[in-house]
Structure formats: C-alpha cells, structure tokens
Amino acid sequence: MKFMAKNSLFAILLRSPWWISMLVAAALIVIGLAALPPAYAPFPIFAAIPFLAIAGIAAWKQRGKPSSARVEQTATDLAALPWAAFADVLEAALRRDGCEVKRLNGAAADFEVTRTGGGRALLTARRWKAAHTGVEPLQRLEAARASAGASEGIYVALGAPSAPALDYATRHNIRFMDAEALARLLPRGVPQAPPQR
C-alpha cells in the first residue's frame, strides 16, 4: 500500500530540500497569526505541524547528502583520472566504507565487493567516464553476476543511464553508482591518485 501519491504536495516536499518545508510551516504560522484574531492563534500552529514533520523526515533522509557543487567537482576530478588511478581510488574508498574488495580480470566486472556480514556484489567501473549507459554493458554485468552467484550488480557511471538501461537495471537487481553516490563514498573529495603499478 502506498503511503502517499507520487505528486502530492507532501511527496514533493519529501523530495525537496528540508528547509523548503520549514519555510512553508513558518509562512503558515506568520500569515495565520497576522490574519486571524488572537482567539484563533493555535490554529495556524496546528496547520504547520505536518510541514514541520515533513521537514524533519526530509532532513533525516537527506543527511550526509553532498551539495550539487561537490557532486560536480567530484565528477570532474574523477573523470580526469586514468583507469588505473580511478580503480585504486574506488577500491580504497570501498575498503574505507567497510567492504572487502577483490579485483577481477573479467571483461564484464572489475571488482567483487563483499560487505561485512552482508551480500556479495559484482561491480563494473571501467566505463565510468561514458556520457550515456545503454543496456549492453548491463547485460554483460548481469551474466557475470549470475555466473558468480552474487546477490547484486553495481554499475559505476558518471553519465546518465538511458531509459532502457534503467528499466533493465531495475528488473535485474543492478544498482547504479553515479556522481552523487561517489561523492558520498569520497566525503573528503578525490584523493591524489596513488602511484600506478
């Protein structure tokens, strides 16, 4: 059962920055107090409570979310790296995040990633600079994932996936790691690339 319609006011506010809901709540209170007689003063406060709740929920969901400027800077920095350096940076970041990481030599996947006490995933990142992602590399990743018995596939791409690629990924338990996810994974920015082996 869905809690609320996708395009309802509260659903839109949940996807928006948390402070927008706070502004709506403050506006309701200020306008209500200015327009209503003092006997009705509690009503605008009660009317603002759902917006305050939405602001709290949105703030909780958005905690740790990098700014758009940081996401853009991370994408620019990562796109400037050669494959060997990017692979080293990604591997180090995944290890800091608590994952066991094993490099693979296959054409379909670059890393096997295991969370401590969790599932195993195959991750492909070699086409991280591609402007668009189609279905073909996802099909190769899915075949490798199924063959290895991993629980999910992760596809690293700074560019936007096509609509068919998104649909395929949804149907086959493949998750995209985009520029925002990489900015979260690298909270202090892109480190200097270690010397290439």
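In sorting residues by class, Ala, Val, Leu, Ile, Met, Phe, Trp, Tyr, Cys and Pro count as nonpolar, Asp, Glu, Lys and Arg count as charged, and the others, Gly among them, count as polar. By these classes, the lining of the largest pocket has 12 nonpolar, 3 polar and 8 charged residues. The model is predicted.

**The largest pocket**

- The volume of the largest pocket is about 360 Å³.
- The lining consists of 23 residues, of which Leu 94, Asp 97, Cys 99, Arg 115 and Arg 175 are the closest to the centre of the pocket.
- Two or more lining residues come from each of the helices α5 (83–96) and α8 (179–185) and the strands β2 (111–115), β3 (120–124), β5 (152–156) and β7 (174–177).

**Helices α2 and α3**

- Helix α2 (residues 18–35) and helix α3 (residues 42–61) have axes that come within 7 Å and cross at roughly 170 degrees.
- Angles over 145 degrees count as roughly antiparallel, and α2 and α3 are therefore roughly antiparallel to each other.
- On the α2 side, the contact includes Trp 18, Leu 28 and Leu 33, while the residues from α3 include Pro 44, Phe 51 and Ala 59.
- This contact of α2 with α3 comprises 17 nonpolar residues, 2 polar residues and no charged residues.

**Helices α6 and α7**

- The axes of helix α6 (residues 136–148) and helix α7 (residues 163–171) cross at roughly 15 degrees and come within 9 Å.
- Because of this angle, α6 is roughly parallel to α7.
- The crossing of α6 and α7 is right-handed.
- Leu 138, Gln 139 and Glu 142 of α6 make the contact with Ala 165, Tyr 168 and Ala 169 of α7.
- By class, the contact of α6 with α7 has 4 nonpolar, 1 polar and 1 charged residues.

Terms used
Residues numbered from 1 in each chain as written. Predicted model: local features only at pLDDT ≥ 70, side-chain atom pairs only at ≥ 80, totals over all residues. Heavy atoms only, no water. Axes fitted to C-alpha atoms, helices over the stretch in contact; angles between N-to-C directions. Helix = DSSP H or I, 4+ residues; strand = E, 2+ residues; numbered from the N terminus. Parallel < 35°, antiparallel > 145°, perpendicular 65-115°, else oblique. Left-handed = near helix turned anticlockwise from the far one by under 90°. Contact = heavy atoms within 4.5 Å. 1 Å grid on protein atoms, 1.4 Å probe; cavity = no way out; pocket = protein on both sides within 12 Å on 5 of 7 lines; lining within 4 Å. Points joined across faces, edges and corners; volume = space filled by probe spheres on them.
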